[in-house]
Amino acid sequence: MKKVRLLALSLVSLGLLAACTRTTSSTKPSSTQNSSFTSVSTSVSDSTSLGSSSSSVVDSSFDSSESSNVDNSSVVDSSIVEDSSVESSIIDSSLEDSSQLSSEDTSSSQDSSIAFIDVTSITISNGKVSTLRVGEKVNFLAGVKPNNATDKSVIWHVSDENVASISSTGELTALSVGSVTVYATSNNAASEVKSNEITIQVKEQPKVDNAILGKWKWSDYPEDTIIDISNNKVSVVFGNNNATASLDFADVDDDGYCLFGVFKDKNTPGYLKAKISHSYQDQLEIIYNIVDSANVTQKVNVYTQNESAIRYIKAESMSLRSSYTYLKPNQTTSISAVFGPRGASEEKWSLESDDTNIVAIKTSSGETNKTTMSLSDKTIIAKGEGDVTLRATSESGLTASIDINVAITKVSKITVTLENDHIEVGSATKASATVEPEDADNASFTWSSSNSEIATVDETGAVRAVGAGECEIIATANDGSGVIGKATLYVNEKQELNIYGKYTGTTPDYNAEIIFEIKKDNTATLEIDPDGYTEGESGTFALSSQDNGVYTFVGSYGDENAKVVFNGKNNTLSLLDSSDSPLLVYYQLETLENVALVKQAEKKVTEIEVELKDDSIFVGDTTTAKAIITPKDAGDLSVTWSSSKESVATVDDKGVVTGIKSGSANIIATANDGSGVVGMATIYVQAKKNIAGSYSGETSYGSLSFTFTVAEDNTATLEVPDAEENGEFTLSSVDGNIYTFEGTYADVDCKVIFDTKNMTLTLMNEDDDVMIIFYGTDAIDDVSVTKN
């Protein structure tokens, strides 16, 4: 145990020692001479020499009669006077008796019976410090009792000099990691008094793991905060207000990773508490609070692994990258920012286009020429041909640019094809166009006719002949290239066909029945062996051209494209495929080439029955008329429609009848085959009467209230609240003042008869019987109603 002794005898002790010492010489020896006391009546409890850095306390209760027994060895060596630790404690051996003491010494030695007061207890303390870091210091204090003890000096002790040292004033210095016990003992020579013990744990100075040294940054929460960690300090710069706080580490966990402390910065209000936990590769977790001067928390407790900081390396350069720098119109791509040097932290950045007519920047709110600052990539869209520069600026002022080229592949050739380039006035054909190259950016084109008085063409390429002659059907590229394609169309005057009708014959090899019929709408059907075991084969065709009595019909036969060439002069027929080769028919066994057919005599119409969908309508309303022809296989089933009174009702060529004014008229259908047969039906037209409104009444037997409501659109509702049943109806007919509404009541089909003249209402079922309602106990049978 190392002992640090504090030697500080009181003036009282010095006086007592001088009074009890005798000398044999009449002269005072020098301080360097040895002297011996002739008689010392002292009782020394500790014979340790004064020159050993410790002090001996003299007991004042010695007996002078025992001085002759003092051993010469107890004589103090005068050389000890030079010991700086003993002040005013050396006795002058030249004094023969007390009468020779100087006057100033006499006053302190007149009463040799003054008692020496011992120390009875010592209590040490250090402000409750139990842990130190290597190199740190703490002061110990000693409390001695009784308060009037003669010598209150103490000796300080440490249990391990390698762990800590302590000075004579009680200052403990931590030297190395470990545990050390501190206590104090009294300088009292009579008996050693020991204090309480205090144990101090010595730890290493905070040492940050190299993995978390350096700068770290959050890109989103807290907003742009940068934390800089060194071996003994961490500083934080808050991006939202550019405030800075610094922390000297006050503690470190045993794992060497966790740091604790309190930020206190004169430049920013309040405090910041931080905990930096262990690092995983390049991510750092941190917990902290920032409190402003109003004690309002600005950022709080970011502590999960999902809220991590990324190692921060300040960006010094910026460049832009894109997967595509050569774009087509309407093509999109992403622009990303790359910050240098390698590993530099990303910054928010904005992107601007020099010309949005060439390239625009897409955002959530639409297309723009400049974005706001953000970390995300930017999406651009090509708008038009040309070169454009995109410029980026980061939040720290770094700039970068990238050039984008938008190139358009234009149309170089258009080929126009007509399904039929020879048609008659009033006929139609189809135009199509092939664009080259296939990857043209804008392959659309516009159709036009070189002479719209000969033929017209719509946006789909449908061509209709309007006059005899020839013209060009033109397709013009829409990409501005000026490329056109065209085909010549020949339009002949329309010739009345005299070939309508049905033709029959047989196949040349197997005598299978052939039926070829040409209809007045210029369509034709071809059937072979229609009553055969396989129900025969058939095809449908449309007239495409005629030339000097030869008629070509184009269509399909079975599943193949085909055409029929019919010679109207000698009634012969050929069936060809799309390459104009004879097409196999009748189970793929034979072909039809110039097969002779016989025209069958046409049957005349013998009767026409006219049916009207509605025989009574209101003025302004319409209905349809239908002609039923007998026989059904008459050669010409078409009719011409007319009205006996067009001032009352008119009818168009499709049989649509329109009411003009109140009255009646005959709608007439006349056969077009020259037979002179007519058919007719009478239509009744009534002026509209506005009966819209709400009508109230009571049921026939139970006197239940009901409401009948007619809307302007001729719909109606019937409500019987007490019966909890309703109905919905639509006006179906009017006969004078009788309005009939049809619909459902309580999910049952029925009708309402409303007599607007007598103001009565009847609810009838489908059989025209009065309908029973309300659990079969009531009805609405010709009951009076009043308009609300």
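**Exercise 1. Is Leu589 buried or exposed, or in between, and where does Leu589 lie?**

Leu589 has a relative accessible area of 44%. Buried means under 20%, exposed over 50%, partly exposed in between (1.4 Å probe, protein chains only). So Leu589 is partly exposed. Leu589 sits in the loop between β45 (584–585) and β46 (590–591). Strands are DSSP runs (E, at least two residues), numbered from the N terminus.

This is a predicted model: local features need pLDDT of at least 70, side-chain atom pairs count only at pLDDT 80 or more, and totals for chains, interfaces and linings use all residues. Residues are numbered from 1 along each chain as its sequence is written, and side-chain values use heavy atoms, without hydrogens and water.

**Exercise 2. How many disulfides does a search of the whole structure find?**

The criterion is a pair of cysteine sulfur atoms within 2.5 Å. The search of the whole structure gives zero disulfides. Now check two cysteines for burial. Cys471 has a relative accessible area of 4%, so Cys471 is buried. Cys750, at 5% relative accessibility, also counts as buried.

How values were computed: Helix = DSSP H or I, 4+ residues; strand = E, 2+ residues; numbered from the N terminus.
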